[in-house]
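Please keep the structure open while you read.

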Amino acid sequence: MQDNLTHDQSMTDNDSHDDAQEDGERKTNRGPPDRPPTEQVRTDGGKSDVEIEREVDYLEVEINLLKPATPFMRDHLRVIWLGFGIWVVTTFGPITATRFAPDLMTTPMPIIEFPLHYFLIAIVAPSSALILSVWYAKKRDGIDEKYGIKQVTDDPDDAGATAEPAAADGGTDE
Amino acid sequence: MSVAVAPLQAEGLLPEGLDVSFKLLPGIIVVSMMTLFLAIGFVFKVADTDDMWVAGRSIGNIENGMAIGANWMSAASYLGMAALIALSGVYGLAYVVGWTTGYFVLLIFMAAQMRRFGKYTAPDFVGDRFNSDSARALAAITTFLIGFVYALGQARGMGLVGMYILGDINNVVPLPGLDAYQAMMVLFMIVTIAYLALSGMLGATKNMALQYIILIVAFLTGLLATGWTEGYSTLLPQIEYGLLISELGAEFSDPFAGGSYYLWIATCFSLVFGTCGLPHVLVRFYTVDNERTARWSCTWGLFFICLLYLSAPAFAAFGTDLYGQNVGAVYGDPGMTDAAADVIVVLAAQLAGLPEWFVGFIAAGGIAAAVATTAGLFIAASSAISHDIYATIINEDATQRQQVLVGRLSIVAIGVLTIIFSLDPTAPIAALVSFAFSLAAIVLFPMFFLGLWWENTNRQGALAGMIAGLIIWLTPMFNEGHFGSGWGIEAIATWMPAVGSALIGMPLVMLITVFVSYVTDEPPERTKMMVRQCHSPEPMPRNKTAAEVVREKNGNAPADD
């Protein structure tokens, strides 16, 4: 994985004092760095994901869905594949289960009286996709936070919403 | 007021049980709604092409989510889905699942990356990613075809619902050669085209948030009122219809009564990946500030969509029961026709004895759904013609004025084409629309997906994949007689039905694209860098494309497109 990283920045000055400045340089024109850079999880003796990530020049790393080349992409793809796996089960699972165990799956449910397969397909599958979407978007916001990524916005009205994800996002779960 | 089944209409599309007559109040509701659309369109009227195509890219999470919802929820969602659930039972649920869950795949694999790529249209993406005007042209043709096929379903919906509101125009002004359905379809298509020709997408986007609100309110209050007055449900019809299911007959709820397991999977698969390849959906991600907004507006969009999708089966259940009580047997021979099923939402409200203005409001929601989606589709199709074929290939020095003119002319052209093919539609609304999803899933999705996630996908691979994809999509379309008279080859009809041809087609196109890319030269470094830029976590300023970032990085390297 190291092969894919560029070292032009890290070779010169890579002690923690310069991180903030380096960070500032990377985000020229995009406002000041939004968080202290070195407080992230630090693995034993080596560099933290965040530090490695800061040295990556994305224009130089290979993009391959199956071979994530950077810590950020690895974290992101882990969320993507996990979500996709659950999605496959909630989307195609109920009808497939009904194909193989029709009697069990068509049993009426207590109280609401839906045949089980009907309920799982018509209500659970779409709702699962919605819940997964909220989960993913929050996870991804979390990853953004871990790596100190701040979205740019040039609409002053939107700035508040971007800075306070919780306020804007809570309503989605309803 | 009578159920007018005039003899001269008998050969045309006529939903039995539907009250086809002129109704003043519903008429006023529809007319004022359309006037409102035009007025708002006029207020936001713009001549600048940048504004026309992507609304100046300044729309926030929730508004964009609503626009996604309105753009998305067409007559196929509003009318066609309940129709299929009523007629084909559990098979119809493949549409509910496919048309909602696809958004998650779109969200995790494409929404933010497309936003970073920063191109106006799907053909722009394909053309720039693969450095090829031929690829761009193929994507533009595909976009145009999708708009056209998709609009067929919308036109059918407008025509059928229009009959409830305005009745048979032939009773007032005899229109030789046009039956009641055709006259209404033509009328509402003309209104849609006039509206689009007047306003650009900025107006349309403002309208779309409004259209979403109109149609979701109409649908949900209609469902609540129908369930309440008939005693089916109280406050949560979306769950309470479960109590009714056992009374509706095996056709409604038996797992494979309306279609085989294979057909269910194939249809759902096509709809999911078609969702991810649809140009008029993707264009929504160019209208946002940044990737985060792209992700959250996709999520909000799904939320707004789910409100309707969780309710449609309930409407289908109530409609099926009411039809059985008041009109005739739903299943068996003759059973309910496609035409009646396609208006089951309006029919259910009418048979429940709701006031005429209220039924008219529900019908107006159906028309709003059709107009909103047709607007989005025609914009995508016309920009494919004016921007990607005319301004990029035919006349590279085109002025903005010329582009806007070509764009408007192509809206008229696709409208006329849609009208001609919708005079005698070959399938119910939802099936017509699903053909467009198969096309998007087979031809465009692999290009987007591989283009964004595998940097070595190259021009040769894309061209081979897209040409193969178009052939694969056309095969069942011809076989089943949607274009031409039909070949009737049994094996193709069974294993590659037009409604679900992407189950075989999409992986095949992926394989072809990967294989050809693999055996030919890798794409240039600049192209790879664009792909990499789409995945960088570093924020990108608004109005900047991946290509520009790469160009800056490389100093004054010449542009290649």
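1. Over all chains, the count comes to 16 salt bridges. A salt bridge here is a side-chain nitrogen of Lys or Arg within 4 Å of a carboxyl oxygen of Asp or Glu. This is a predicted model, in which local features need pLDDT of at least 70 and side-chain atom pairs count only at pLDDT 80 or more, while totals for chains, interfaces and linings use all residues. Residues are numbered from 1 along each chain as its sequence is written, chains are lettered from A and ligands numbered from 1 in the order in which they are written, and side-chain values use heavy atoms, with hydrogens and water left out.

2. Some of these pairs are buried (under 20% relative accessible area with a 1.4 Å probe, protein chains only; exposed is over 50%, partly exposed in between). Lys23(B) pairs with Asp19(B), with the closest N and O atoms 3.9 Å apart. Lys23(B) has 1% relative accessibility, and Asp19(B) has 7%. Arg136(B) pairs with Asp128(B) at 2.9 Å between the closest N and O atoms. Arg136(B) is buried at 5%; Asp128(B) is buried at 4%.

3. Which parts of chain B does the salt bridge of Arg532(B) and Glu455(B) link? The closest N and O atoms of this pair are 2.9 Å apart. Arg532(B) sits in helix α25 (residues 525-535), and Glu455(B) in the loop between α21 (429-453) and α22 (459-479), 77 residues apart. Both residues are buried. Helices (H or I, at least four residues) and strands (E, at least two) are DSSP runs, numbered from the N terminus.

4. Another group forms a network. Salt bridges with shared partners join Arg140(A), Asp141(A), Asp144(A), Arg292(B) and Arg295(B). One of the links is between Arg292(B) and Asp141(A), at 3.0 Å from N to O. Between chain B and chain A the count is three salt bridges.

5. Now the interface as a whole. It takes 64 residues from chain B and 69 residues from chain A, where contact means heavy atoms within 4.5 Å. The two chains bury about 6,100 Å² between them, 69% of it on carbon and sulfur atoms. That buried area is the accessible area (1.4 Å probe) lost when the two parts are put together, summed over both. Helix α5 (residues 90-117) of chain B gives the largest share of the chain B side, 12 residues. By class, that side has 41 nonpolar, 13 polar and 10 charged residues. Nonpolar covers Ala, Val, Leu, Ile, Met, Phe, Trp, Tyr, Cys and Pro; charged covers Asp, Glu, Lys and Arg; the others, Gly among them, are polar.

6. Chain A has eight helices and zero strands. Of its 174 residues, 45% count as buried. Among contacts in chain A with a separation of 6 or more, 53% are between residues 24 or more positions apart.

7. How many disulfides does the whole structure have? The search finds zero, a disulfide being a pair of cysteine sulfur atoms within 2.5 Å. For Cys298(B), the nearest cysteine sulfur is that of Cys276(B), 8.7 Å away. Cys298(B) is buried at 1%. The sulfur of Cys534(B) is 16 Å from its closest cysteine sulfur, in Cys276(B), too far for a bond.

8. Two backbone angles deserve a look. Ile111(A) is not a glycine, yet its phi is positive, near 65°. Ile111(A) is exposed, at 78%. Asn131(B) also has a positive phi, about 50°. Asn131(B) is buried, at 14%.
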